[in-house]
Protein chains: 2
Amino acid sequence: MPELRKDPIIGRWVIISTERGMRPTDFTMMEEKKKGGFCPFCPGNEGATPPEILCYRENSTKPNTPGWSLRVVANKFPALRVEGELNREGEGVYDRMNGIGAHEVIIESPYHSDTLSTISVKNFEDLLWAFRDRMIDLRKDARLKYVLIFKNQGESAGASLEHTHSQLIALPIVPKRVTEELEGAKAYYSYKERCIFCDIIRQETKQGSRVISENQDFIVIAPFAPRSPFETWILPKRHSCAFDDGQKHEFENLARIFSDTLKRLDKVLSTPPYNFILHTAPFSNGCGDSYHWHFEIVPKLVKIAGFEWGSGFYINPTPPEESARFMREVKL
Amino acid sequence: MPELRKDPIIGRWVIISTERGMRPTDFTMMEEKKKGGFCPFCPGNEGATPPEILCYRENSTKPNTPGWSLRVVANKFPALRVEGELNREGEGVYDRMNGIGAHEVIIESPYHSDTLSTISVKNFEDLLWAFRDRMIDLRKDARLKYVLIFKNQGESAGASLEHTHSQLIALPIVPKRVTEELEGAKAYYSYKERCIFCDIIRQETKQGSRVISENQDFIVIAPFAPRSPFETWILPKRHSCAFDDGQKHEFENLARIFSDTLKRLDKVLSTPPYNFILHTAPFSNGCGDSYHWHFEIVPKLVKIAGFEWGSGFYINPTPPEESARFMREVKL
């Protein structure tokens, strides 16, 4: 059973994924993976993954067979397990609980060579609906408090399989970084009685220098204090704390602008590896007025993560006004 | 002039290193660097670095010439500048100040092929004294609040030059990660009237399963909730909040156990890339009773930093009890 452990000083939870149980030689042998070969995410290989949890497919095709455009399956090597009790317990100064939760993979296209920059806007919208459908389903499990949705694109951003996919981890705790964001937004709201993200959108729209693009429902910006070159945020213009609260026209416009943003990144930076993370409110939060959901996209361009990851201090060689200009002006 | 910018939601400061001004093509061309070739840190090439700030050298040899065993110089491409005023200012919801501070390089050995695992214990002790000497000197500058001392070992941990060196960044702000640690320790102290690190040392000594080694003055452990496989902490047994408060016999024993720990890491994981960071109290802190300085060593073994860095949530495939056992039992 995997275990959730809390750092007693910082309060950060980590998953100790005991079932993967990596030994020293596993790391030294973890060199470059070969491309090509068998792909468990390609149509025809549905038997190589756990069964479908959710699937968008042509009528008259059967579950776990070809004919799908998007599939959600359990991760074959899950960091967390659905079955069992939390069993929160202390051990001297330390706290732990069982690694209860869900770890799912969203296979974004049947075509092995697709990326999120090459799939159609319609398929991109389906991906957003899949995120929403899974969140709504997982919300029913009272043990779970947060759903972390993210994508690792490219091997150096952590993708272990080439076939385009994103991931979902449902957790019995709220990650520290999310709590910090909620608390920061709440503190601002207490003081100003305005949402800080709404204020950021207003200021960015007025200044213009960090705006990459916008449409009726969304704005894309390079944040004022980016950790990494070309860090990019996509924010809904309508104030809302929860992604799964989105309306049909919003998901359409999000698919359009998200797809456009990734195409720009690919063009400006020659198809860089990147991570994106959905920032949305916990299941029960009481932060409706102060928090504002959004996506953060972080290209993996510089190799300095190790130190900065450990110190929480970042050196970014590219001003966001510069990166926004490149992203805004690139011809697609 | 580089700029310090604060994320308005999370409160994290980042350095926008405008003078490096990297453009998109700089990243795409930043592929593997060639080994060999001219090394600005080798003896005889002293003119290729800024002049010595501190140097341990044979008597009768001249500054900025060969004959040294350790040299501290300003970083040629500094993230921060010593000259100028802070000029703290707001811009709507945002806060910024000039990038005032120091960015220095500690060249740990004259020999190009050395690493911290191969230099003598005596030379390792000199490195610790150099850290201390620089901290004490920088403390005099009232604009500075914190000195971040760290090492990137290996290219994938962020080292841009092969020749063994560590770095120092003196900052006009206290990094968020440090503040969090100070506050966590303070909260524990308020509740228990004991230092949490002292409690950890007591509990680890009693349990034993996460202890790697110890000597008269220091203990080396795998922390209970490590972010990364083989994360390793070196803690002084004597309670003290500031590294530069160390006594002679402590620096001797720290050099011994630090060198031993890196040798173990190299043996168990085949000379892995790693980062280490000195965690010590800010210049004026008032946390003397609650905080406890220490080193954190994080080997860079898994490529998942991108996502975890963004979410503050970590999945670690190696239980610390396992990594401690490998580190403890390895034959040197």
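Predicted model: local features only at pLDDT ≥ 70, side-chain atom pairs only at ≥ 80, totals over all residues.
## How the two chains are related

Two copies of a chain are related by a rotation about an axis and a shift along it. Here chain A is superposed on chain B by a rotation of 180° with 0.0 Å of shift along the axis, and the RMSD is 0.0 Å. That is the relation of a two-fold axis.

The interface fits this picture: 99% of the interface residues of chain A are also interface residues in chain B, so the copies meet through the same surface.

## The interface

On the chain A side, 72 residues are in contact with 71 residues of chain B. Sorted by class, this side of chain A has 38 nonpolar, 19 polar and 15 charged residues.

Strands also pair from one chain to the other. Strand β15 of chain A, residues 314-316, pairs with strand β2 of chain B, residues 13-16. The pairing is parallel and runs over three bridges. Within it, I315(A) stands opposite I15(B).

## Two domains in chain A

The domain assignment divides chain A into domain 1, made of 3-18 and 38-176, and domain 2, which covers 181-329. Taken over C-alpha atoms, the centres of these two domains of chain A are separated by 22 Å.

Between the domains of chain A, 25 residues of domain 1 are in contact with 22 residues of domain 2. On the domain 1 side, the elements that give two or more residues are α2 (121-138) and β8 (146-153) of chain A. Helix α2(A) gives the most, with nine residues. By class, this side of domain 1 of chain A has 14 nonpolar, five polar and six charged residues.

## The sheet in chain B

Chain B holds an open sheet of 10 strands with antiparallel pairing. The strand order is β3-β4-β7-β9-β8-β13-β14-β12-β11-β10. At the edges are β3 (52-57) and β10 (211-214) of chain B, and each of them pairs on one side only. Ignoring direction, neighbouring strands of this sheet are turned against each other by 15° on average.

One pairing can be followed down to residues. Strand β12(B), residues 232-236, and strand β14(B), residues 294-299, pair in the antiparallel sense over three bridges. There, T232(B) has I297(B) as its bridge partner.

## Helices beside the sheet

Helix α2 of chain B, residues 121-138, packs on the sheet. This helix touches β3, β4 (68-74), β7 (102-107), β8 (146-153), β9 (165-171) and β13 (274-279) of chain B. The direction of α2(B) makes about 30° with that of β4(B).

Helix α7 of chain B, residues 320-329, lies across β10 and β11 (218-221) of chain B. The helix runs at about 40° to β10(B).

In chain A, helix α7 (residues 320-329) has P320(A), E322(A), S323(A), A324(A) and M327(A) buried. The buried residues of α7(A) pack against β10 (211-214), β11 (218-221) and α5 (248-269) of chain A.

Strand β10 of chain A includes S213(A). In sequence, S213(A) and A324(A) are 111 residues apart, while in space their C-alpha atoms are 9.1 Å apart. Leaving aside neighbours within four places in sequence, S213(A) is in contact with V220(A), I257(A), D260(A), T261(A) and R328(A). S213(A) counts as partly exposed because it has 17 C-beta neighbours inside 10 Å, whereas a buried residue needs 20 or more.

## A loop with two positive phi values

The loop between α5 and β13 (274-279) of chain A contains S270(A). T271(A) is in the loop between α5 and β13 of chain A as well. Phi of S270(A) is near 55°, a positive value in a residue other than glycine. For T271(A), phi is near 55°, also a positive value in a residue other than glycine.

Are these residues buried, partly exposed or exposed? S270(A) counts as exposed because it has 12 C-beta neighbours inside 10 Å, and the limit for that class is 12 or fewer. T271(A) has 14 other C-beta atoms within 10 Å and is therefore partly exposed.

How values were computed
Residues numbered from 1 in each chain as written. Chains lettered and ligands numbered in written order. Contact = placed C-beta atoms within 7 Å. Nonpolar A, V, L, I, M, F, W, Y, C, P; charged D, E, K, R; others polar. Pairing = 2+ DSSP bridges. Helix = DSSP H or I, 4+ residues; strand = E, 2+ residues; numbered from the N terminus. Axes fitted to C-alpha atoms, helices over the stretch in contact; angles between N-to-C directions. Domains from an automatic or database assignment. Least-squares fit on C-alpha atoms with pLDDT ≥ 70 in both.
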